[in-house]
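Hi everyone, thanks for making time this morning. I'd like to walk you through one model, so please have a look at it with me.

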Amino acid sequence: MGHTESVLEDIWIYLVLAVVVIGGGAVALFAGRGRKPRDLPPGSGDSGGARSGTATLDTGTDTAAGPVAPPEADTDTTAPPPAVEQESDAPQAAALERPEPAAGRMVRLRERLARSGALGSTLLRLLSRGDISEADWEEIEETLLLADIGAGPTDELMTALRTRVKVLGTTDPEQVRDILREELLTLVDPDMDRRLAASPVVGDDGEPHPATILMVGVNGTGKTTTVGKLARLLVAEDRDVLLGAADTFRAAAADQLATWGERVGVPVVRSDRDGADPAAVAFDAVKAGREAGVDVVLVDTAGRLQNKAGLMDELGKIKRVVARQAPVSEVLLVLDATTGQNGMRQAQVFAEVVDVTGIVLTKLDGTAKGGIVVAVQRELGVPVKFVGLGEGPDDLAPFDPKGFVDALVS
Ligand SMILES: Nc1nc2c(ncn2[C@@H]2O[C@H](COP(=O)(O)OP(=O)(O)O)[C@@H](O)[C@H]2O)c(=O)[nH]1
Ligand SMILES: [Mg+2]
């Protein structure tokens with residue numbers, strides 16, 4: 001992302017904006033001035049969700065999404081990529097936001113889980129009864145199942161609790177709380193590696209490649225939002241990020257992503273043509289990321305789950321095509337925590353189609369039961385890496401097992 005004279009840049013901006021608004025032409029790269037956030041007075045960010053942002057491209061078109069029939073014809077991704085135009089110093093980038101640091105975000109889970117059902121307090125109440133009757137144990141089991149922990153993990157936890165409570169022979173709430181905390185932590189598995197692969201990798205050719213992260217999942221789970229939030233998290237850690245809008249089935253999806261990018265000066269590679277080949281856009285994004293020397297490319301995808309074969313074709317192709325530019329570092333599966341067992345079925349389908357390396361559980365702020373964290377990890381055997389805690393731009397937290405268990409048991 002080079003710097004040219006600002007007058008020239010301004011002309012370019014308006015040209016690019018005009019092209020986009022008219023809806024013609026090439027792939028546009030919406031870039032902020034630089035890839036590093038500029039300092040702003042505290043509190044100037046975080047003023048609301050992406051959709052309430054002030055960026056001029058946030059035209060609200062994302063509410064006007066009709067079903068767009070995607071042409072199935074594949075773009076030849078070996079063809080020269082469409083012209084990528086760079087825009088610097090855009091008017092809307094004048095007020096770059098400074099995302100909140102990652103540390104401490106998990107704390108918010110506590111109040112939010114407290115609102116969404118008192119798993120911890122119910123368990124504590126039952127477990128600190130003097131003589132726990134069989135009916136009490138049944139209630140404990142029911143509480144765990146209702147919290148979406150899943151049958152297998154519930155069985156394990158029941159066995160462990162029965163044994164330990166008996167051995168301990170105490171009703172002291174503090175001691176019971178400690179047991180519960182320990183056993184829940186075991187269930188969440190603190191040893192899983194939850195770090196995001198967000199550092200450039202050296203490819204077979206000896207060249208550095210950006211870490212490439214694909215975001216997959218069913219429509220409405222929060223993929224685009226999570227790409228935006230994740231970009232902010234990475235910006236907060238001084239990473240150079242680039243976004244690829246490979247959900248080409250709704251123009252609004254790319255607009256939505258562009259808005260997220262603009263707010264923190266992160267460039268977005270998109271196609272302005274509905275139904276463009278998602279793999280081609282993903283390819284262009286990773287290529288642009290390589291050329292710009294960014295650390296991470298985040299690729300948003302569409303969430304069509306009409307049938308497994310179609311999904312497999314699409315995601316498989318994106319992954320293959322992207323791999324020509326850079327090895328895929330992560331495939332993050334985005335799941336809506338409020339969908340419970342239904343979400344689990346989606347998870348299984350995606351896991352069969354792509355090698356999922358991490359899970360993002362969104363909407364844990366809502367009516368979601370925290371136990372779904374345990375269930376989904378168990379089911380897929382991959383760690384929950386992030387949790388979505390709201391619609392605000394910084395409502396995404398790196399998942400921390402201890403913080404989570406504390407939130408459940410506090
Ligand atoms: N409450 C809440 N809403 C979320 C969260 N993540 C995403 N959403 C909302 O879910 C809706 C769908 O998100 P979107 O990113 O467009 O989903 P996509 O279709 O998977 O790309 C939007 O209204 C988001 O604001 C979250 O963690 N909590
Ligand atoms: Mg989307």
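This is a predicted model: local features need pLDDT of at least 70, side-chain atom pairs count only at pLDDT 80 or more; totals for chains, interfaces and linings use all residues.

The protein has 13 helices and 12 strands. Of its 410 residues, 49% are buried. If you take the contacts with a separation of 6 or more, 81% of them join residues 24 or more positions apart.

Five of its five residues are buried, so S10 is largely enclosed by the rest of the structure. Gly358, Val360 and Thr362 point one way, Ile359 and Leu361 point the other way, and all are buried.

What does S10 pair with? On one count, strand S9, residues 328-336, pairs with it in the parallel sense over five bridges. Leucine 335 has leucine 361 of S10 as its bridge partner. To get from S9 to S10, the chain passes through helix H11, residues 340-353, in a right-handed β-α-β crossover.

S10 also pairs in the parallel sense with strand S11, residues 384-388, this time over three bridges. Here isoleucine 359 has valine 384 of S11 as its bridge partner. Together with helix H12, residues 372-380, S10 and S11 form a right-handed β-α-β unit.

Which residues come nearest to ligand 1? Among the 19 around it, they are Gly222, Lys223, Thr224, Thr225 and Gly388. Helix H7, residues 223-236, gives the largest share of this shell, with three residues.

Methods:
Residues are numbered from 1 along each chain as its sequence is written. Chains are lettered from A and ligands numbered from 1 in the order in which they are written. A residue is near a molecule or strand if its C-beta atom, placed from the backbone, lies within 6 Å of it. Helices (H or I, at least four residues) and strands (E, at least two) are DSSP runs, numbered from the N terminus. A residue is buried if 20 or more other C-beta atoms lie within 10 Å of its own, exposed if 12 or fewer, and partly exposed in between; C-beta atoms are placed from the backbone. Two residues are in contact if their C-beta atoms, placed from the backbone, lie within 7 Å. Two strands pair if DSSP finds at least two bridges between them. A crossover is right-handed if, with the strands pointing away from the viewer, the path from the first strand over the helix to the second runs clockwise.
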